[in-house]
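Let's take a walk through this chain together, from its overall make-up to a few individual residues. Please have the sequence and the model open side by side.

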Amino acid sequence: MSKTTTDTELPPAPDDDGAAERLSTAPVESEGPTGIGPFGWARWMWRQLTSMRVALILLFLLSLAAIPGSLIPQNGQNQFKVQTWKAQHTAVAPIYEKLQLFDVYSSVWFSAIYILLFVSLAGCIVPRTWQFVGVLRSQPPTAPRNLTRMPVYAAWRTGADAEQVNAAAHRLLRKRGFRANLSGGSVAAEKGYLREVGNLLFHLSLFALLGGFAWASLASGTGGKLMVEGQGYSNTITQLDDFTGTRFYGNQDLDPFYLKLDNFTSKFQNTGDQMGAARQFTANVEYYQGSDDSKLKKGTIEVNHPLEIGGSKVYLIGHGYAPVITVKNGKGDVVYHDVVPFLPQDANLTSTGVVKVSDYGVGPDGNKTQLGFSGFFLPTAPLSFAGTGPISLFPGDAAPELVLNAFSGDLGTDSGLPQNIYQLNTSKLTQLQQDGQPAKALLKPGQGWDLPNGYGSVTFEGYKQWASFNVSHRPGNAIALTGAVLAILGLIGSLFIQRRRIWVRAVALPGGGTQVELAGLARSESAKIAEELAELAVDLQDDAPASEEDEDGTSEAEAEAAAAAAAEAGAAAGAEESGPDDPEAEASDPAVPADQNSKE
């Protein structure tokens, strides 16, 4: 009463009806050049580029190429970290520079990968969409000659009229959401088109995802700004510490706003195995957009929680301490008073910094001179530096101390050449001496140091905290995020929705009565098609009840069990071994999909 086979038993048939005969719209791969000469090779290369295999390879290469961008500091994100990294890795820094590893996402090799992926996806999406539209416009393929060779099959005899049975089957299949066509004494039905919709949506979403990244790389810009508590700045190119623009976003396109850091809160765990781990970083700010300061607002910026102002987002990317230092000359006049950011060097915020007193004036020897100081700020200093040197034991400010070394001479600030404010060029400086040793001091907040040889004094007034911000304008992020979400939805649809066909044929028998045949075919081995066929057979019993006894001795109970047999047979189809092929029997069978060797 029922028979099952596996999909591998069916040899591919000629594509008699074109795209309508395909259960997939994936383009067929070519094994090699399709012509002779440059045109043939170009056509073959195009087919390879637009194949699914090459698209997956390019996707893998794109994800592989993004790894250096997450491991190595990038100029577009934090230029200061790039400079620090170069200073710490002087041997490999020139090699990385030539390989564009500090600008991965705008490098030539990264751009080449995603441009090729663009072309590959476009060459895949356009023909697939056209073929899918053709499938939707065509009717489901007619029933094959031999339904018994389908993976799921059921049959019984009934006394109902054949035309009425076919009409009832057509009605039931349409009620179940199938595209059904009644012609030639049989009903052909298809379902599961959302599978291909999900497939196309996945490809289009990847295109949108790459488009979002491409637009962001062409029309985005990032700037960096370090602010000490109480300081503010206007978002202009002259007040930013650094700025990286793109082709369609320059310094004249910066969003106009004002931002001030009121205070910064940092908390660290002070007990347990994770002592010193960060628990809170919060920058409390004031800001207003445009030039109207009457619209001043308050806000907070935390890690991974940026503040959006206009078309820009302000990210918190770092923090540290800034000692307040006062320098007096030998006459007691204040020649320097400022807050100086020191840069962290380790997890416990052992920080280094320099002080440049370029307006010191005349020194004790009667000549014009300049002073320079370099040293360490230790948020939690140890009781002794013996064996360790100046290091901090904890990132919180439990026992802050400032270590300074003093130099005199020419800082080089009058040469007109740009200098790094966090580095001290000692090539034209001489370290001050005290008791035959290099002059240095260890100061706590409020303490001063009398410089040797009558150079005056240095006072450690106290300290504040500073925070560094990244001002980012990336218009393509929303497009990329939407593409990523839609790609996931499309992938789910293409994986879990099954494309399937069902045929019903009712034929009048010479001796009276009607032979009813049901068969099903799915692209993957699954019991779902057998279950649907069984449910259809049960529903069809109202219009085509099985005869009490057929000529071959089949009872009504056996006929009614055909549906259950079909379901059991479909479930066992995946476990059966393939039988011998019968090319002659299947050569004219239009039910066999023409793309069994498809890339999908």
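A word on the ground rules. This is a predicted model, in which local features need pLDDT of at least 70 and side-chain atom pairs count only at pLDDT 80 or more, while totals for chains, interfaces and linings use all residues. Residues are numbered from 1 along each chain as its sequence is written, and side-chain values use heavy atoms, with hydrogens and water left out.

Start with the chain as a whole. Its secondary structure comes to 13 helices and 24 strands; these are DSSP runs numbered from the N terminus, helices being H or I with at least four residues and strands E with at least two. The chain has 600 residues, and 46% of them count as buried, meaning under 20% relative accessible area with a 1.4 Å probe and protein chains only. Contacts here are heavy atoms within 4.5 Å. Among those between residues at least 6 apart in sequence, 67% join residues at least 24 apart.

Now turn to the interior. A nonpolar core is a set of buried Ala, Val, Leu, Ile, Met, Phe, Trp, Tyr and Cys residues joined through side-chain atoms within 4.5 Å. The largest one holds 28 residues, and the members touching the most others are Val327, Val357, Phe373, Trp449 and Leu451. Strands giving two or more residues to this core include E11 (312-328), E14 (351-362), E15 (368-378), E16 (401-409) and E22 (457-473). Another core, of 27 residues, lies apart from it, with Val152, Trp156, Phe178 and Val516 among its members.

Next, follow strand E15. Nine of its eleven residues are buried, so E15 is largely enclosed by the rest of the structure. E14 and E15 run antiparallel and are joined by nine bridges; strands are said to pair if DSSP finds at least two bridges between them. Val362 has Lys368 of E15 as its bridge partner. Five residues separate the two strands of this hairpin, and Gly366 in the turn has a positive phi of about 85 degrees. E15 also pairs with E16, again in the antiparallel sense, over nine bridges, and here Phe376 is partnered by Val403 of E16.

Beyond E16, look for Gly412, in the loop between E16 and strand E17 (429-431). Gly412 is buried, with a relative accessible area of 18%. Leaving aside neighbours within four places in sequence, Gly412 is in contact with Gln370 and Gln419.

For a helical view, go to H1 (residues 38-49). Its twelve residues reach 16 Å from first C-alpha to last, close to the 16 Å expected at 1.5 Å a residue, where the expected span is 1.5 Å times one less than the number of residues. Gly40, Gln48 and Leu49 are buried in H1, and what covers the buried residues of H1 includes helices H2 (52-65) and H6 (108-137).

Finally, find His203 in helix H8 (residues 193-219). Why does His203 count as buried? Its relative accessibility is 4%. A polar atom of the His203 side chain lies 2.7 Å from the backbone oxygen of Asn199. Leaving aside neighbours within four places in sequence, His203 is in contact with Met52, Leu121, Cys124, Ile125 and Arg128.

Notes: Buried < 20%, exposed > 50% of the residue type's maximum accessible area, 1.4 Å probe, protein only. Polar contact = N/O pair within 3.5 Å; in protein donor to acceptor, adjacent residues only side chain to side chain.
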